Amino acid sequence: MGNARILHPSPVESKRFGLDIARGTIGPNATPDSILDDILALRPDVAIFRCAAGDTGQLAALAGAGLVPLHADTLVYYQAALAARAGVGSTIVPAVRRSGPGDEEALAHLVRRSFAGYRNHYHANPWFQPAAILEGYVEWALTYATSPAPQKETWVRCENDEVRGFATCRIDATGSTVEIVLNAVDPDWQGRGLYSELLDFLLAHYARSGMTELSVSTQVWNYRVQRAWARAGLAIDRAYDTYHVNVPKNFQPGR
């Protein structure tokens with residue numbers, strides 16, 4: 001048995017997809033049967049877990065019990081050290097501003113346009129409906145845009161007073177690092193430098209705010225945005241594999 005439970009119920013996802021979903025990330029103290037033990041304890045419909053890319057330590061126990069772990073995607077993280085950027089450039093970009101009341105409809109429209117057809121780990125699993133996956137992105141973005149929490153910030157890139165790009169950011173509890181958790185530019189406005197301008201603004205803004213590190217992630221196949229990050233000076237830092245395990249009703253381990 002592992003020292004601590006890795007999988008935990010995910011009520012937001014469970015409500016969205018109409019399935020009992022549990023998820024977690026493999027830590028350094030996991031044993032080879034940690035995920036299987038948690039599945040037997042929680043009995044979810046779907047278990048979703050992430051582990052360091054290439055780590056197959058949980059797969060043998062799952063397969064031996066009669067479950068089929070599905071490799072759903074690989075997530076890559078890039079990061080930038082901000083200390084050297086604190087005195088470089090300007091954070092004054094008239095077309096970039098904090099999201100405010102009244103932006104919700106424009107953000108929802110932009111997210112639906114930007115992420116329609118975008119493939120993430122849910123798409124690898126036939127139990128998840130594409131329409132619900134897309135609405136999950138909308139819910140995710142609006143949760144940040146309407147949150148009163150100071151650790152959650154949403155920025156928009158406007159053109160002719162219309163929202164054409166956005167970035168939702170999460171600041172850690174110490175106020176020293178920030179992660180861009182979701183970002184996009186309207187498909188009709190891509191290739192015009194809007195995303196690079198938004199990214200440069202965020203790097204300069206958070207550097208001048210005294211933060212030390214900015215990170216951002218995407219699916220490994222999303223080469224275009226990774227090239228934009230590399231041009232802006234970000235470097236790949238780590239990667240995670242995402243696995244799904246669909247658990248049959250009345251499952252009993254065959255071990």
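The legends below describe close-up views of a predicted model.

**View 1. The ring pair F17 and F128.** A search of the whole structure finds 12 aromatic pairs. In one of them, the ring centres of F17 and F128 are 4.6 Å apart and the planes stand at 80°, so the pair is edge-to-face. F17 belongs to helix α1 (residues 11-17), while F128 is in the loop between α4 (104-115) and α5 (130-145), so the pair ties together parts that are 111 residues apart in sequence. F17 counts as buried at 13% relative accessibility. F128 is also buried, with a relative accessible area of 3%.

**View 2. The ring pair Y118 and W221.** Here the ring centres lie 4.9 Å apart and the planes of Y118 and W221 are at 45°, so the pair is tilted. Y118 is in the loop between α4 and α5, and W221 is in the loop between β9 (213-219) and α7 (223-231), so this pair ties together parts that are 103 residues apart in sequence. Y118 counts as buried, at 14% relative accessibility. W221 is partly exposed, with a relative accessible area of 28%. Both residues belong to a cluster in which ring pairs link F115, Y118, Y137, W140 and W221.

**View 3. Arginines over aromatic rings.** The charged end of R98 sits over the ring of W155, at 5.4 Å from the ring centre. R238 lies over the face of Y77, and here the distance to the ring centre is 4.2 Å.

**View 4. Surroundings of N183.** N183 is part of strand β8 (residues 177-185). With a relative accessibility of 15%, N183 counts as buried. Its side chain makes a polar contact with the side chain of Y195, at 2.5 Å. Residues up to four places away in sequence aside, N183 touches F115, F166, A167, Y195 and V216.

**View 5. Helix α6.** Helix α6 covers residues 194-208, 15 residues in total. From the first C-alpha to the last, α6 reaches 21 Å, close to the 21 Å expected at 1.5 Å a residue. The buried residues of α6 are L194, Y195, L198, L199, F201, L202, L203, A204, Y206 and A207. Just after the helix, G210 takes a positive phi of about 90°.

**View 6. The largest nonpolar core.** This core has 30 residues, and those with the most contacts inside it are L202, Y206, L214 and L234. Two or more residues each come from β4 (69-81), β7 (162-171), β8, α6, β9 and α7. The largest share, nine residues, is given by α6. Neighbours within four places in sequence left aside, Y206 is in contact with L82, E153, W155, C169, I171, V178, M211 and L214.

**View 7. Positive phi at N160 and D161.** Most residues other than glycine have a negative phi. N160 is not a glycine, yet its phi is positive, near 55°. D161 is not a glycine either and has a positive phi of about 65°. N160 is found in the loop between β6 (152-159) and β7, and D161 lies in the loop between β6 and β7 as well. N160 counts as exposed, at 64% relative accessibility. D161 counts as exposed too, at 74% relative accessibility.

Note on methods. Residues are numbered from 1 along each chain as its sequence is written. This is a predicted model: local features need pLDDT of at least 70, side-chain atom pairs count only at pLDDT 80 or more; totals for chains, interfaces and linings use all residues. Side-chain values use heavy atoms; hydrogens and water are left out. Rings of Phe, Tyr and Trp (its six-membered ring) pair if their centres lie within 6.5 Å; planes under 30 degrees apart count as stacked, over 60 as edge-to-face and the rest as tilted. Helices (H or I, at least four residues) and strands (E, at least two) are DSSP runs, numbered from the N terminus. Buried means under 20% relative accessible area, exposed over 50%, partly exposed in between (1.4 Å probe, protein chains only). A charge sits over a ring if NZ of Lys or CZ of Arg is within 6 Å of the ring centre and within 35 degrees of the ring normal. A polar contact is a pair of N or O atoms within 3.5 Å; within protein, one must be able to donate a hydrogen and the other to accept it, and residues adjacent in sequence count only if both atoms are side-chain atoms. Contact means heavy atoms within 4.5 Å. The expected span of a helix is 1.5 Å times one less than its number of residues. A nonpolar core is a set of buried Ala, Val, Leu, Ile, Met, Phe, Trp, Tyr and Cys residues joined through side-chain atoms within 4.5 Å.
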